[in-house]
Amino acid sequence: MLFPTTVFAVFFFLVFHGHWALAGHPRARKAFLLAASLFFYGFWSWKFALMLLGSALVNHAAARRMDGLDRAGAPEASRRRLLGGIVALNLGLLGFFKYTGFLFADVLFPLLRPVCAAMGSDAVWTLVRAQEEIYPWISRIVLPVGISFFTFQALSYVVDVYRRRTPPARSWLDFANYLAFFPQLVAGPIVRAANLVPQMEQMPERGQPLEAQRAMILILGGLFKKTVVANWLASRLADPVFAWPEIYSGPDILLAVYAYAVQIYCDFSAYSDIAIGTALLLGFRFPANFNAPYAAATLQEFWRRWHISLSSWLRDYLYIPLGGSRRGEGRTYVNLLVTFLLGGLWHGAAWTFLLWGAFHGLYLALERGVLGWLGRVVRPPGGAFRPLAVWLGRIWIFHVVCFSWILFRGGNLETAGALLRGLAAWRGTVPDVTLWSGTAAAMVVIGLATQLWDGDRLWTGARWIVSRPAWALGAAGALVCTVILALGPEGVAPFIYFQF
Amino acid sequence: MKTKLKSAGHPAGAPPPGLSLGRAWRGLLAFYLVALALNAVSLHRNNEQMPYGPLRSFWVAVSAPAARIAAATGLDRPREFLTRTIGDSLNR
């Protein structure tokens, strides 16, 4: 079930009414919310909805057992073994669905081919027969939508219980609602247990003020970013060029890369905004997931502004346990590289995602070293030079990130290579067939400008609507929604991050 | 180097004001009714393009009356106008 569809609008209308009508019956309300979330997920596949339910049961049971062992004064090793087991189970599930095909088709078989060729024809035929057996089997593995997101949520829960940073949920129902909550189930934000489990336990009260105006602005803003901006940039610029880069000129490839940078921001932040706004209407609060990422002047700052819930997850559950920056500069660089390699792999099972992660890890290490050295030998720019330095940094980092998007979106090494060769060759455009146009430039600029809405800036500027009658706000919202739908294309394109 | 753009998240200080549940419900209802009125014809057209089957029959039956009313009262015209003037030229 996709957000910007009539089916979801009807679904949400029913859930809103049921959720608030049952406010006086907490247990029934929690069961209703879980049923709604499982229906939302099961709309795509009821089998995977059952798998999600099973994951909730197993992870919560493990967390309760860890807490029980702690209260009983059991040795730390027993808790550590249990943690190891549940982490392995979660990662095993993710690995099976997401990485089995990559492991066989892109790692194992390519490695074995030259080895078997050297061993002789018998070995080659054995390998051929193995491939004939395995390829049909792995082609039947379907990636459950959102598995990367809810697996990371489950992992953060069990690790935080192990670290004693959060108690286990009071009941299985509360944890299941945390894990399966439909607004953020399939594409985040990755909400921590310490944030959402207490909200699920207490449930929003009927008497509490609902941030409905802020929710409306988030949802409509997200709808605009996705329907008008992201879809246009994808269909007119990014998709054609990334599909066949050889036929486009250098300037057209550059425009397509800029377009993709804006498309993925608008697409993903739109989903996060709609998720946050939808949750607000049900009385739940999520943290922000984006904060004008292309305003960053360093790559480190970019990762504090882009997909904040994932970058903070990687920091807290990977980078810091590896040692963070506490074990010397050399080890810090290694930790950065490993963290971002795995971060790249989280996005997808392909060499291009690994390269994308490696690029970010290496650049962050280099940036840390260079900026550290510069800080010791050069005085930071002051006065009138500081804004210039900031803007130069922003332009530079935007292009560094755009370069990395070529790897991310390229899909395979051949396409990424073709795009880079096209940029390097810089073949001139033919005026009548170039992709450059006023509309294209305007869409890219508008998409970049929507970053100004992040961090509730749009809400801050629109507080004057607070005192307007609710029916007038609703009607005005419907008018804005109509304009957005009229400007968008027919049909609904799925959100990019659904594939992760 | 940090830039001056303020942090994301909720504005500092007092929590943002909100609506009572009753007011929020009225706002949501107004949203759905006005959105349906203005977009019923387009919605009905989309439903008619669904693959044939019980689901299509259901949604077409649901959207047909609203589409008839919207077409008769001219409520579909603002969206048609916007689609013809800006939407089609953007997405053709």
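Of the 19 residues of α5(A), what number is buried? In this predicted model the number is 0, so α5(A) lies largely in the open. Helix α5 covers residues 121-139 of chain A, and its end C-alpha atoms are 27 Å apart. That value agrees with the span of 27 Å that should result for 19 residues at 1.5 Å a residue.

The buried residues are D174(A), F175(A), A176(A), N177(A), Y178(A), L179(A) and A180(A). The cover over these buried residues of α7(A) includes α2 (26-42), α3 (46-71), α6, α8 and α9 of chain A.

The domain assignment divides chain A into domain 1 (6-202) and domain 2 (212-499). Between the C-alpha centres of domain 1 and domain 2 of chain A there is a distance of 26 Å. Domain 1 of chain A brings 24 residues to the contact, and domain 2 of chain A brings 22 residues. On the side of domain 1 that touches domain 2, at least two residues each are supplied by α1, α4 (76-119), α6 (147-162), α8 (182-185) and α9 (193-202) of chain A. The residues on this side of domain 1 of chain A divide into 14 nonpolar, 8 polar and 2 charged.

Packing between helices was examined for α11 (residues 250-281) and α16 (residues 385-410) of chain A. Their axes are 9 Å apart and meet at an angle of about 85°. The helices α11(A) and α16(A) are therefore roughly perpendicular to each other, the range for that description being 65 to 115 degrees. From α11(A), the residues V257(A), Y258(A), Y260(A), A261(A) and I264(A) take part, and they meet V401(A), C402(A), W405(A), I406(A) and R409(A) of α16(A). By class, this contact of α11(A) with α16(A) has 9 nonpolar residues, no polar residues and 1 charged residue.

Two positions in chain A were considered individually. I219(A) belongs to helix α10 of chain A. With 25 other C-beta atoms within 10 Å, I219(A) is buried, the threshold for this class being 20 or more. When neighbours within four places in sequence are left aside, I219(A) is in contact with I274(A), G277(A) and T278(A). By C-alpha atoms, I219(A) and R64(A) are separated by 37 Å, and they are 155 residues apart along the chain.

T332(A) is located in helix α14 of chain A, which comprises residues 329-347. The residue T332(A) is also classed as buried, with 20 other C-beta atoms within 10 Å. Apart from neighbours within four places in sequence, T332(A) is in contact with S325(A) and R368(A). T332(A) and R368(A) are 36 residues apart in sequence, with a C-alpha to C-alpha distance of 9.5 Å.

Chain B comes to 3 helices and 0 strands, and along the sequence its pattern reads α-α-α. Of its 92 residues, 24% count as buried. Among contacts in chain B between residues at least 6 apart in sequence, those joining residues at least 24 apart account for 52%. Helix α2 of chain B, residues 54-73, contains P65(B). P65(B) is exposed, with 11 other C-beta atoms within 10 Å. A separation of 25 residues in sequence lies between P65(B) and A40(B), and their C-alpha to C-alpha distance is 8.9 Å.

Between the two chains, 46 residues of chain A are in contact with 38 residues of chain B. On the side of chain A that touches chain B, α1 (6-21), α10 (212-243), α16, α19 (457-461) and α20 (470-487) each supply at least two residues. Among these, α20(A) gives the most to this side of chain A, with 14 residues. The residues of the side of chain A that touches chain B divide into 30 nonpolar, 10 polar and 6 charged.

How values were computed:
Residues are numbered from 1 along each chain as its sequence is written. Chains are lettered from A and ligands numbered from 1 in the order in which they are written. This is a predicted model: local features need pLDDT of at least 70, side-chain atom pairs count only at pLDDT 80 or more; totals for chains, interfaces and linings use all residues. Helices (H or I, at least four residues) and strands (E, at least two) are DSSP runs, numbered from the N terminus. A residue is buried if 20 or more other C-beta atoms lie within 10 Å of its own, exposed if 12 or fewer, and partly exposed in between; C-beta atoms are placed from the backbone. Axes are lines fitted to C-alpha atoms, for helices over the stretch in contact, and angles run from 0 to 180 degrees between N-to-C directions. Angles under 35 degrees count as roughly parallel, over 145 as roughly antiparallel, 65 to 115 as roughly perpendicular and the rest as oblique. Two residues are in contact if their C-beta atoms, placed from the backbone, lie within 7 Å. Ala, Val, Leu, Ile, Met, Phe, Trp, Tyr, Cys and Pro count as nonpolar, Asp, Glu, Lys and Arg as charged, and the others, Gly among them, as polar. The expected span of a helix is 1.5 Å times one less than its number of residues. Domain bounds come from an automatic or database domain assignment.
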